[in-house]
Every structure is written in C-alpha cells, then in structure tokens.
Amino acid sequence: MVVMKFGGTSVKDPEAIQRLAAIVAGEQARTGTPVVVVSAMSGITDQLLDAVAAVERGDAEGASRKVAAMRDRHRAAAEALLTRGDVRDEVIDALERQWRDTAQILHAMAVLREVSPRSRDAVVAMGELASSRLVAAALAELGTPARCVDARTVLVTSADHGLAQPDQPSTAARLHEHVLPLVQDGVVPVLGGFIGATADGITTTLGRGGSDYSASLFGAGLKAAEIQIWTDVDGMLTADPRVVHGARPLPSLSFAEASELAYFGAKVLHPSTIAPAVADGIPVKILNSHRPHVAGTTITANPPLPEAPLTGLACKRDITVVDIRSSMMLAAYGFMRRVFEVFERHRTSVDVITTSEVSVSITIEDRRAIEGIVADLSVFAEVGVESEMALLCAVGERLRLEAGLAARVLGTLDEFPLRMVSQAGARRNLTVVLPQAHLQAAMARVHERFCLAPVPVPEVVA
C-alpha cells in the first residue's frame with residue numbers, strides 16, 4: 001500500500017486535479033489501491049485565516065465576501081470536473097452546505113465578538129474538507145473508484161487547537177476501521193490532511209504544513225510500503241533556489257538529514273513529517289505532480305553517501321538572538337532551568353543555543369512574546385536582543401564521519417561576521433547565525449564549495 005499526499009498546488013484548479021487523477025490511476029495500476037491525502041486548494045487556508053482575522057477586526061461583511069469567493073471557486077472547479085449531472089449536483093450541494101456552515105461559524109464569532117482557538121480550527125478545517133470531497137468525486141468521474149473519508153473520523157488528536165498532538169494508537173485503530181476496508185475493496189480513500197478531531201469529535205488542526213504529517217501518520221498506522229509527498233518541485237534540493245542559484249535536486253538522503261533540513265527551513269517537507277515514518281522505517285518520496293516522470297527524492301534510513309561533502313543547506317530568516325548574561329551562571333546549578341522556564345512560560349520555541357561561563361545566547365523565530373521574555377529574564381540577568389539575524393544550517397552525514405570537515409566549512413565563512421556557531425551531538429549539522437544581510441552570500445559560498453564539488457580522493461602513501 002502507498003499513501004499519496006498532494007499539496008495545495010497539486011489541487012489548485014481543475015487541470016491540477018486532472019493531473020492528480022492520472023497519477024493516482026497510474027499508481028493503482030502499478031502497486032494496488034493507494035490512500036490519497038490532500039491539502040486545501042492553493043491559497044484557501046490563508047483566505048480562511050483572513051476571514052477569521054476580518055471577524056476579529058469587526059469586518060463581518062469582509063469575512064462574508066471571502067467565504068463567497070471560496071464557495072464560487074470550488075463550485076467552478078466542480079462544474080469543470082464533473083460531467084454527470086446527478087453527481088455534479090450532489091457534490092455542489094454538499095459544498096454549498098459546507099460553505100454555509102463556514103459563514104454561520106464566522107457570523108457567530110462576529111456576534112459574540114470572540115474568536116477562540118476551537119472556533120478558528122472549525123473554520124480553517126473547511127479547506128481540506130472541501131478539497132477531499134472534490135478530489136474524490138473527480139477521481140470517480142475520471143475512472144478511479146474513490147470515496148471521501150472525513151479525516152476527523154480517523155485522525156484522533158489532543159485538544160490543543162491549532163497545534164494538536166496525534167494519538168497514534170487510536171488513529172491506527174480508526175484507519176483499520178474506516179480506511180483499510182475501502183482499500184481492500186479497490187476503492188481509493190481520499191482524506192483531507194492537516195485536520196483531525198478529539199476523541200469527543202471536536203475539530204482540531206495539526207498546524208501549518210500538517211498535511212504532510214497527516215500522510216505520515218496514516219502511512220505508519222496502515223504499515224504502508226511508501227509515503228509519497230507530491231508537490232510542485234522535483235524533490236528536496238541542495239539549497240533554497242530563491243537564495244542559491246544552481247541548487248540541484250537530491251536523489252536520496254537519510255531520515256536524519258531530511259529532518260534537519262526540514263526543521264531548519266527547507267519548505268518542501270513539514271518538520272514533523274519524518275517522525276512516524278522513521279519509527280516504522282517507511283521510505284518517503286518527494287515528487288513533482290507537474291513532472292511525474294522525474295524520480296524525485298527518496299528518504300530512507302541508510303541511503304548511499306553523496307559524492308559532495310555536504311548533502312544540503314537550509315536557512316531561516318528573521319531570527320532574533322537573545323543574549324543572557326549573569327555571573328550567577330558561574331559554577332551554579334539551576335540557572336539554565338530558570339532561563340528555559342521563561343521561554344516555556346511564553347510558549348516560545350528555541351532553535352540554537354550557545355553558552356560560555358557567564359552567558360548564554362539563544363535564537364528564536366517567533367517574536368510575539370519577546371517583550372515578556374525580556375522582562376522575565378531581566379529579573380535575574382542582563383538581557384540583550386539582536387533582530388534581523390539569519391540561521392544557516394549545513395547538513396550531511398559526512399560531518400560526523402570525516403574529521404576536519406566542519407572546520408573547513410567554518411573556514412569558508414571566515415570573511416563573514418558569524419554571531420553564533422553550534423554543532424548538535426549527532427554531528428550531522430553545523431549551524432551558524434549571522435546578520436541577515438550576509439545570508440545569501442554565505443549560502444552561495446558554502447554551496448559552491450561543499451554541495452557541488454566531489455569529495456577529493458586522498459593520495460595513497462606507498
């Protein structure tokens with residue numbers, strides 16, 4: 001069994017959905033009936049969030065207009081894809097009911113003048129619910145038996161709205177109840193990614209990019225042979241092509257390398273996607289729905305080492321460095337606990353940490369709570385903040401296998417004002433923080449020297 005996840009650009013319009021149908025039909029002919037997971041149509045999730053934001057501003061009419069535009073877009077897609085009158089009318093009626101429900105939820109928010117995390121999830125989930133219904137009907141119309149399965153009946157999560165945590169054992173049981181029988185009957189199940197529900201049936205979401213995570217959870221729960229992530233690029237690249245010219249596709253990489261690249265900014269893959277696949281050793285493929293003949297990138301536990309010294313680079317912009325200095329650190333225990341309790345209290349994740357005898361430097365991506373963080377840290381330490389910084393992460397298995405490689409990478413950056421340097425315990429990554437204005441030049445330098453050139457063959461001494 002193969003789980004196939006299609007992102008927003010792969011379901012953005014009737015032409016994209018027709019390409020999806022051809023890809024699914026081809027997979028079914030080769031390997032048997034797959035499970036299909038879809039994102040919302042491109043841009044819909046952002047529009048739903050904009051509608052919620054409009055309600056928060058008191059602009060109920062603006063929210064209503066946004067819902068009407070989304071309704072019309074899905075209706076037009078259904079009319080273009082579905083030729084059988086009875087099927088088309090049934091699907092359009094279902095979509096109309098769904099968008100009326102969306103409008104009613106937003107109206108209730110406006111009346112109450114309150115937007116809760118629970119009500120926001122109820123609205124944002126509508127994108128995946130609509131696309132899964134539309135894609136299932138289109139597959140059936142184009143010759144592949146398919147059925148829409150409401151992902152909220154399958155993916156069981158915690159009640160942490162906006163960033164729900166999956167209950168994998170319960171989800172696996174629901175998959176065997178609601179999804180596996182369809183596969184065994186030769187019917188393609190189509191589920192929305194990103195959305196789930198609590199055990200009590202309250203709608204939740206996994207956070208932005210969570211459709212990849214859903215696909216991985218479904219693949220693990222069904223013991224799939226492979227998880228395919230269909231997007232609009234030819235696989236994972238050696239670097240972000242918007243930052244580095246000449247970035248090339250990676251034919252293969254390890255689970256660990258993919259996790260590092262995804263966490264530190266590679267946008268092709270959601271950072272959490274790999275975890276369920278790693279646990280069950282399920283290969284993950286990154287493929288291009290616009291160019292399905294391209295081999296893409298295969299992610300496995302132990303791929304062959306690449307010829308280049310580094311597998312790839314990732315980066316994050318708009319990073320903030322928080323410096324915490326105190327003589328209390330010297331030979332004292334409990335100081336670091338106090339520091340991290342502040343970040344935990346303000347629900348702010350930390351990316352990179354470096355320490356010295358009397359100071360610790362920490363990078364964060366989310367600045368929303370920075371004033372409160374600084375105030376709380378200032379109770380027991382001196383605090384400095386630097387914004388407009390960037391994070392550059394070099395990733396590769398050879399970093400842990402070849403002595404001196406990390407030093408050579410840093411030597412390449414000797415002309416740049418590095419603010420922090422960190423290498424994790426597993427030694428598959430080397431991370432530096434530098435002013436954002438220098439990021440592109442630094443990325444280009446490292447990419448040219450370590451991601452493209454072959455590894456030099458050492459001379460054999462007689």
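**Labels and the values behind them**

Reply: The side chain of His290 makes a polar contact with the side chain of Arg19, at 3.2 Å, and this is read from a predicted model.

Me: What makes the pair of His290 and Arg19 a polar contact?

Reply: The cut-off for a pair of N or O atoms is 3.5 Å, with one atom able to donate a hydrogen and the other to accept it, and the side chains of His290 and Arg19 are in polar contact at 3.2 Å. The two residues are 271 places apart along the chain, while their C-alpha atoms are separated by 7.5 Å. Leaving aside residues up to four places away in sequence, His290 touches Thr9, Arg19, Thr231 and Asp232.

Me: Why is His290 called partly exposed, and where is His290 found?

Reply: Partly exposed covers the range between under 20% (buried) and over 50% (exposed); His290 has a relative accessibility of 35%, and therefore counts as partly exposed. His290 is found in the loop between β9 (284–288) and β10 (297–300).

Me: Why does Arg113 count as exposed, and why is Arg347 exposed?

Reply: Exposed requires over 50% relative accessible area. Arg113 has 79% relative accessibility and so counts as exposed, and Arg347 is exposed because its relative accessible area is 76%. Arg113 lies in the loop between α4 (85–112) and α5 (117–124), with phi near 55°, a positive value in a residue other than glycine. Arg347 is in the loop between α12 and β12, and its phi, near 50°, is likewise positive in a residue other than glycine.

Me: What makes β12 and β15 edge strands?

Reply: The open sheet has six strands in the order β12-β13-β11-β14-β16-β15, with antiparallel pairing. Each of β12 (353–355) and β15 (420–423) pairs on one side only, as an edge strand does. From one strand to the next, the twist averages 25°.

Me: How do you know that β12 and β13 pair?

Reply: Pairing requires at least two bridges between the strands, and β12 and β13 (residues 359–364) have three, in the antiparallel sense. Thr355 stands opposite Val360 in β13. Helix α12 (residues 335–345) lies across β11 (312–325), β12 and β13, running at about 20° to β13. Helix α15 (residues 405–412) also packs on the sheet, where it touches β15 and β16 (429–435) and its direction makes about 15° with that of β16.

Me: Why are the buried residues of α15 placed on the same side of the helix?

Reply: The buried residues of α15 are Leu405, Ala406, Val409 and Thr412. They cover an arc of only 120° around the axis, which puts them on the same side of α15. What covers them includes α14 (398–401), β15, β16 and α16 (439–451).

Me: Which residues touch the most other members of the largest nonpolar core?

Reply: That core has 101 residues, and Phe6 and Ile299 touch the most other members. Helix α6 (residues 126–141) supplies the largest share, nine residues. A second, separate core of 24 residues includes Val409, Leu413, Phe416 and Ala442. Not counting residues up to four places away in sequence, Phe6 touches several residues, among them Val11, Leu20, Ile23 and Trp230.

Note on methods
Residues numbered from 1 in each chain as written. Predicted model: local features only at pLDDT ≥ 70, side-chain atom pairs only at ≥ 80, totals over all residues. Heavy atoms only, no water. Helix = DSSP H or I, 4+ residues; strand = E, 2+ residues; numbered from the N terminus. Buried < 20%, exposed > 50% of the residue type's maximum accessible area, 1.4 Å probe, protein only. Contact = heavy atoms within 4.5 Å. Axes fitted to C-alpha atoms, helices over the stretch in contact; angles between N-to-C directions. Core = buried A, V, L, I, M, F, W, Y, C linked by side-chain atoms within 4.5 Å. Arc of directions from axis to C-beta.
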